Amino acid sequence: MNKITLSSLQALKQKGEPITVATAYDSTFALLQELAGIEAILVGDSLGNVLQGHGTTVPVTMEHMCYHIANVARGCQVPFIIGDLPYMSYATKQQAYENAAKLMQAGANMVKLEGGQWLCDTIAGLTERGIPVCAHLGLTPQSVDALGGFKVQGRDESAAQQLIDDAKAIAASGAKLLVLECVPQALAAKVTQQLSIPTIGIGAGVECDGQVLVMHDLLGLNPNFSPKFVKNFMPEGDGSVLGAFKAYVEQVKSRQFPTTQHSFN
Ligand code: KIV
């Protein structure tokens with residue numbers, strides 16, 4: 001199997017075939033995800049929650065991200081690797097360039113950052129410099145305090161319109177992927193139809209071009225965390241981690257996951 005590239009992901013959107021994404025933070029789980037056929041691995045700053053035990057992603061640093069991206073990159077050959085730029089590491093364009101370069105040198109194929117139109121210049125600059133960018137809209141966990149908690153975003157008309165405008169602006173600036181987190185399914189569907197780049201949903205309904213879940217959630221590892229957009233695939237994987245990753249891939253590809261039960265209105 002050849003390495004997955006941005007063109008492969010774009011081709012999946014063109015074909016209408018859902019893109020499978022999961023987070024991983026080390027080489028062993030990266031290999032298992034590769035064997036299961038997961039197309040893209042997000043080394044997310046969610047590692048602040050699931051590995052480090054923090055309540056938010058705010059404490060995650062560049063050093064943490066580089067370490068985990070390098071571990072994932074050593075563990076797999078095929079999946080496309082997306083690395084999160086952590087909190088305040090892209091507050092200025094110059095910081096974004098320097099820190100994105102570090103993530104790419106650690107083994108990422110693309111960097112992800114959270115936010116809308118204020119990032120357009122940064123996205124354009126990174127793109128011009130050959131660094132592919134994934135944007136992240138909706139519930140952006142690095143801004144949890146400004147958002148007033150982990151809440152569904154884009155529910156009223158003006159917030160929904162703002163999200164659509166942000167999505168179009170960042171795509172026009174060169175972003176090649178867009179994560180939509182915790183937004184009403186109708187809004188995510190509208191954004192997906194209006195953009196030529198793939199959308200990857202988490203709590204964003206059934207019509208995104210792809211799905212992402214935090215690995216620990218899809219393995220049902222935290223009994224205290226079960227929001228409606230999460231599904232534990234462990235039982236369907238006959239209790240094996242590889243089986244659970246395979247069940248996730250099968251159900252995303254066949255559009256059995258997510259369902260409207262995992263979605264917000
Ligand atoms: O950090 C992360 O894992 C993420 C996903 C929740 C999309 O950004």
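Me: Which is tryptophan 118, buried or exposed?
Reply: Tryptophan 118 counts as exposed, at 53% relative accessibility. The terms run as follows: buried is under 20% relative accessible area, exposed is over 50%, and partly exposed is in between (1.4 Å probe, protein chains only).

Me: What kind of model is this?
Reply: This is a predicted model, in which local features need pLDDT of at least 70 and side-chain atom pairs count only at pLDDT 80 or more, while totals for chains, interfaces and linings use all residues. Residues are numbered from 1 along each chain as its sequence is written, and side-chain values use heavy atoms, without hydrogens and water.

Me: How many aromatic pairs does the structure hold?
Reply: It holds five aromatic pairs. Rings of Phe, Tyr and Trp (its six-membered ring) pair if their centres lie within 6.5 Å; planes under 30 degrees apart are stacked, over 60 edge-to-face, the rest tilted. One of the pairs joins tyrosine 90 and tryptophan 118, and it is stacked, with 6.2 Å from centre to centre and 15° between the planes.

Me: Where do tyrosine 90 and tryptophan 118 lie?
Reply: Tyrosine 90 is in the loop between strand S3 (80–84) and helix H5 (93–106), and tryptophan 118 is in the loop between strand S4 (110–114) and helix H6 (120–128). The pair therefore ties together parts that are 28 residues apart in sequence. Helices (H or I, at least four residues) and strands (E, at least two) are DSSP runs, numbered from the N terminus.

Me: And tyrosine 90, buried or exposed?
Reply: Tyrosine 90 counts as buried, at 4% relative accessibility.

Me: What about phenylalanine 233 and tyrosine 248, how are their planes set?
Reply: Phenylalanine 233 and tyrosine 248 are edge-to-face, 5.4 Å from centre to centre with 75° between the planes. Phenylalanine 233 lies in the loop between helix H10 (215–218) and H11, whereas tyrosine 248 lies in helix H11, so this pair ties together parts that are 15 residues apart in sequence. Phenylalanine 233 is buried, with a relative accessible area of 0%, and tyrosine 248 is buried at 0% relative accessibility. Together with Phe257, these two residues form one aromatic cluster.

Me: Changing topic: how many salt bridges are there?
Reply: The count comes to seven salt bridges, a salt bridge being a side-chain nitrogen of Lys or Arg within 4 Å of a carboxyl oxygen of Asp or Glu.

Me: What does glutamate 17 pair with?
Reply: Glutamate 17 forms a salt bridge with lysine 253, and the closest N and O atoms are 2.9 Å apart. Glutamate 17 lies in the loop between helix H1 (6–15) and strand S1 (19–23) and lysine 253 in helix H11 (residues 241–253), so the pair ties together parts that are 236 residues apart in sequence. Glutamate 17 is partly exposed, with a relative accessible area of 28%, and lysine 253 is partly exposed at 23% relative accessibility.

Me: What else does lysine 253 bridge to?
Reply: Lysine 253 forms a salt bridge with glutamate 39, where the closest N and O atoms are 2.6 Å apart. This pair links distant parts of the chain, 214 residues apart: lysine 253 is in helix H11, and glutamate 39 is in the loop between helix H2 (27–36) and strand S2 (40–43). Glutamate 39 is buried, with a relative accessible area of 9%.

Me: Which residues make up the network of salt bridges?
Reply: The network links Lys15, Glu17, Glu39 and Lys253.

Me: And what is the partner of lysine 231?
Reply: Lysine 231 forms a salt bridge with glutamate 236, with the closest N and O atoms 3.0 Å apart. Lysine 231 counts as buried at 19% relative accessibility, whereas glutamate 236 counts as partly exposed at 41%.
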